[in-house]
Amino acid sequence: MNNNKKSQDSTFVFICKNGIWLVGITAWLFGATDISIAVFSDVYLSALDIVQLLTTSFFLISCLSFKRTQSINN
């Protein structure tokens, strides 16, 4: 019975971590798209616009690289 409870707990944690990762990716993707549209809709590119775009892109790529590849059974 203890082993079954442990398996259920690890499955729940795995599902929660993947859900949080998915929400984070969605948020960063929306942010990157929003900033890209704002930056490229204006004719003039300022240094602040470029820094915002690069920062958002960096965090999106970082979040993508942290994807958990571990299965439920490990």
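Visitor: What should I know about the model first, and from which number are residues counted?
Guide: In this predicted model, local features need pLDDT of at least 70 and side-chain atom pairs count only at pLDDT 80 or more, while totals for chains, interfaces and linings use all residues. Side-chain values use heavy atoms, leaving out hydrogens and water, and residues along each chain are numbered from 1.

Visitor: How many aromatic pairs are there?
Guide: Rings of Phe, Tyr and Trp (its six-membered ring) pair if their centres lie within 6.5 Å; planes under 30 degrees apart count as stacked, over 60 as edge-to-face and the rest as tilted. By this rule, the count is 2.

Visitor: What is the angle between the planes of Trp28 and Phe59?
Guide: These two rings lie 5.2 Å apart, centre to centre. Their pair is stacked, with an angle between the planes of 25 degrees.

Visitor: How many residues apart in sequence are the parts that Trp28 and Phe59 tie together?
Guide: Helices here are DSSP runs (H or I, at least four residues), numbered from the N terminus. Trp28 lies in helix α1 (residues 2-41) and Phe59 in helix α2, so the pair ties together parts whose separation in sequence is 31 residues.

Visitor: Is Leu54 buried or exposed?
Guide: Buried means under 20% relative accessible area, exposed over 50%, and partly exposed in between (1.4 Å probe, protein chains only). Leu54 is found in helix α2 (residues 47-65). Its relative accessible area is 56%, so Leu54 is exposed.

How values were computed
Helices (H or I, at least four residues) and strands (E, at least two) are DSSP runs, numbered from the N terminus.
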